[in-house]
Amino acid sequence: MFGLHWALTVSALGMLGVYVAIGYVFYIRVTFQRAIDEKVMGNKYYDMGVLFSFNKLLMYGHYCLFSKRAKRDGVDVIFKQLPKVQRIHLIILWVLMIGSGGLAFTGAISHLYL
């Protein structure tokens, strides 16, 4: 009915958002990831590269959004005490990545159901 153009557009917007999120990870990593990691891990700070940092930052954003999960992992006090700017950056990253990934996935599989 609509053709495949809308699916390609949605998928392209999703992938564009993923690329923006990856760039945003580099910004967060340079500005304040080490400070957050030292609060969470204490003196056991280690850096295992960009992909591992990307996963950690997404998990930190998840902790900021869902306090029950942070409480279950024992880091709720740390994330409640983070400065508001850092919390907002982590939440924006999480929402951007989940939303963009959802758009890209929806556009990619939509041709199967048309």
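Let's start with Arg34. Arg34 is partly exposed, at 48% relative accessible area. On my scale, buried means under 20% relative accessible area, exposed means over 50%, and partly exposed is in between, with a 1.4 Å probe on protein chains only.

A word on the source. This is a predicted model, where local features need pLDDT of at least 70 and side-chain atom pairs count only at pLDDT 80 or more, while totals for chains, interfaces and linings use all residues. Numbering runs from 1 along each chain as its sequence is written, and side-chain values use heavy atoms, with hydrogens and water left out.

Back to Arg34. Arg34 has a salt-bridge partner, Glu38, with the closest N and O atoms 3.1 Å apart. By salt bridge I mean a side-chain nitrogen of Lys or Arg within 4 Å of a carboxyl oxygen of Asp or Glu. Both residues sit in helix H2, four residues apart, about one turn of the helix. Helices here are DSSP runs of H or I with at least four residues, strands are runs of E with at least two, and both are numbered from the N terminus. Glu38 is partly exposed too, at 38%. In general, an α-helix has 3.6 residues a turn, so residues three or four places apart point the same way.

How many salt bridges does a search of the whole structure find? Three. Another one pairs Asp73 with Arg69, at 3.1 Å from N to O. These two are about one helical turn apart, because they lie four residues apart in helix H4, residues 67-73. Asp73 is partly exposed, with a relative accessible area of 37%. Arg69 also counts as partly exposed, at 27%.

Now Asp37. Asp37 forms a salt bridge with Lys56, the closest N and O atoms being 2.9 Å apart. This pair links distant parts of the chain: Asp37 is in helix H2, Lys56 is in helix H3, and 19 residues separate them. Buried or exposed, this Asp37? Buried, at 0% relative accessible area. Lys56 is buried as well, at 10%. What else does Asp37 touch? Setting aside residues up to four places away in sequence, Asp37 touches Gly42, Tyr45, Lys56 and Tyr60. Contact means heavy atoms within 4.5 Å. H2 itself covers residues 33-41.

Gln33 is also in helix H2. Gln33 counts as buried, at 3% relative accessibility. Beyond its neighbours within four places in sequence, Gln33 is in contact with Ile28, Ser53, Lys56 and Leu57.

Next, helix packing. Take H3, residues 50-65, and H6, residues 84-109: their axes come within 8 Å and cross at roughly 110°. That makes H3 roughly perpendicular to H6. Axes are lines fitted to C-alpha atoms, for helices over the stretch in contact, and angles run from 0 to 180 degrees between N-to-C directions. Under 35 degrees is roughly parallel, over 145 roughly antiparallel, 65 to 115 roughly perpendicular, and the rest oblique. On the H3 side, the contact residues include Phe54, Leu57, Tyr60 and Leu65; on the H6 side, they include Arg87, Leu90, Trp94 and Met97. By class, the contact of H3 with H6 has 12 nonpolar, two polar and one charged residues. Nonpolar covers Ala, Val, Leu, Ile, Met, Phe, Trp, Tyr, Cys and Pro; charged covers Asp, Glu, Lys and Arg; the others, Gly among them, are polar.

H3 also meets H1. The axes of H1 and H3 come within 10 Å and cross at roughly 90°. H1 and H3 are therefore roughly perpendicular to each other. Ala21, Val25, Phe26, Ile28 and Arg29 of H1 make the contact with Val50, Ser53, Phe54 and Leu57 of H3. The classes in the contact of H1 with H3 are seven nonpolar, one polar and one charged.

Also in H1 is Ile22. Ile22 is partly exposed, at 35%. Ile22 and Val50 lie 28 residues apart in sequence and 9.6 Å apart in space, C-alpha to C-alpha.

Last, H6. Its 26 residues should span 38 Å at 1.5 Å a residue, and its end C-alpha atoms are 37 Å apart, which agrees. The expected span is 1.5 Å times one less than the number of residues. Which residues of H6 are buried? Among them are Gln86, His89, Trp94, Ser100 and Gly107. Their cover includes helix H1 (5-31), H2, H3 and helix H5 (76-80).
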